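Subject: Structure handover

Hello,

Here is the structure for you to look over. My notes on what was found in it follow below.

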Amino acid sequence: MKISNISINLKKDKIIIKIKETALQQEIIEELTEKLPELKKLYKEEKTPIEIQGKVLKSKEMDEIQEIVKEQIDVKIEFETPKALGLHSIKKTFNKEIEDSKTTFYRNSVRSGQKIEYEGSIVILGDVNGGAEVVAEENIVILGNLRGLAHAGAKGNKKAIIAANMIVSPQIRIANIIKENPINDDIEQTIKNYAYVDENDKIILE
């Protein structure tokens, strides 16, 4: 039985194409090519936009997917993931200088039950799922969403930061300071993407 790497769902105001995190680009292209004729049937005069979610994609991969869709359907396409693997998508949220440190890259999402530790800074090219934990002596930068636990500055560095596309973790730590982050029903109030310690030794979420 062939495993599906792509799911397509019609929402009220957009069509969601969700790509499995473990899917290879060639698999994505092949399956998308197969499914596009059916998707095209949903379109008549209405130009419902398409949003692509799931896997963190490189710019080249995004361009390739967009080109294949546009060959079949002339419609606006948006990507929920960062436009490129790099810090530019979250740098705009930083409000103070970040100290340089030894950095490692983790090139997958961190699954529930996993724990990632490093003696410098960690950059994660994916999500940190609920039930997962990331611990770094310096900074933690996540190009996806942070839903699990994150502990930056683990050996006492209060200048360390935590940054993510979206922080919806119930608890984060910087040095010995803990910040509880209750998740309520109003998602707009809970979405933050940058955490640091202020002059009063409190973790600020912005």
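Leaving aside neighbours within four places in sequence, which residues is isoleucine 162 in contact with? Contact here means heavy atoms within 4.5 Å. The list is Ile140, Leu146, Ala150, Ala152, Ile167, Ile172, Arg173, Ile174, Asn193, Tyr194 and Ala195.

First, the ground rules. This is a predicted model, with local features requiring pLDDT of at least 70, side-chain atom pairs counted only at pLDDT 80 or more, and totals for chains, interfaces and linings taken over all residues. Residues are numbered from 1 along each chain as its sequence is written, and side-chain values use heavy atoms, with hydrogens and water left out.

Confidence

pLDDT is the predictor's confidence in each residue, from 0 to 100. The chain has a mean pLDDT of 81, and 83% of its residues reach 70 or more. Residues 82-97 have pLDDT below 50; beyond near neighbours in sequence, that stretch still has 37 contacts in the model. Residues 185-190 are also below 50, with six contacts beyond near neighbours in sequence.

Overall make-up

The chain has four helices and 15 strands. These are DSSP runs, numbered from the N terminus: helices are H or I with at least four residues, strands are E with at least two. Of the 206 residues, 46% count as buried. Buried means under 20% relative accessible area, exposed means over 50%, and partly exposed is in between (1.4 Å probe, protein chains only). Take the contacts between residues at least 6 apart in sequence: 39% of them join residues at least 24 apart.

The cores

A nonpolar core is a set of buried Ala, Val, Leu, Ile, Met, Phe, Trp, Tyr and Cys residues joined through side-chain atoms within 4.5 Å. The largest one has 24 residues. Leu146, Ile162 and Ile172 have the most contacts inside it. Several strands each supply at least two of its residues, among them strand 7 (121-124), strand 9 (140-146), strand 11 (162-167) and strand 14 (192-197). A second, separate core of 22 residues includes Ile19, Leu32, Ile52 and Ile68. In soluble globular proteins, nonpolar side chains tend to be buried together.

Strand pairing

Two strands pair if DSSP finds at least two bridges between them. Strand 9 pairs with strand 7 in the parallel sense, over three bridges. Isoleucine 124 has isoleucine 142 in strand 9 as its bridge partner. Strand 9 also pairs with strand 11, again parallel, over five bridges. There, isoleucine 142 stands opposite alanine 164 in strand 11. Strand 11 pairs with strand 14 in the antiparallel sense over three bridges. Isoleucine 162 faces alanine 195 of strand 14 in this pairing.

Why call strand 9 largely enclosed by the rest of the structure? Because seven of its seven residues are buried. Strand 11 is largely enclosed too, because five of its six residues are buried.

Leucine 149 is in strand 10. Its relative accessibility is 33%, so leucine 149 counts as partly exposed. Leucine 149 touches Ala132, Glu133, Val134, Ser169, Pro170 and Gln171, not counting residues up to four places away in sequence. Asparagine 129 is 20 residues away from leucine 149 in sequence and 8.7 Å away in space, C-alpha to C-alpha.

Helix 1

The expected span of a helix is 1.5 Å times one less than its number of residues. Helix 1 (residues 25-40) has 16 residues, so it should span 22 Å; its end C-alpha atoms are 21 Å apart, which agrees. A kink of about 35 degrees lies at glutamate 34, shortly before proline 37. The bend at a residue is the angle between axes fitted to the seven residues ending there and the seven starting there.

The buried residues of helix 1 are Gln25, Ile28, Ile29, Glu31, Leu32, Leu36 and Leu39. They pack against strand 1 (6-10), strand 2 (15-19), strand 3 (50-54) and helix 2 (59-72).

Is glutamate 31 buried or exposed? Glutamate 31 counts as buried, because its relative accessibility is 4%. Not counting residues up to four places away in sequence, glutamate 31 touches Ile3, Ser4, Asn5 and Ile6.

Glutamate 71 lies in helix 2. At 61% relative accessibility, glutamate 71 counts as exposed. Glutamate 71 and leucine 36 are 35 residues apart in sequence and 9.7 Å apart in space, C-alpha to C-alpha.

Best regards
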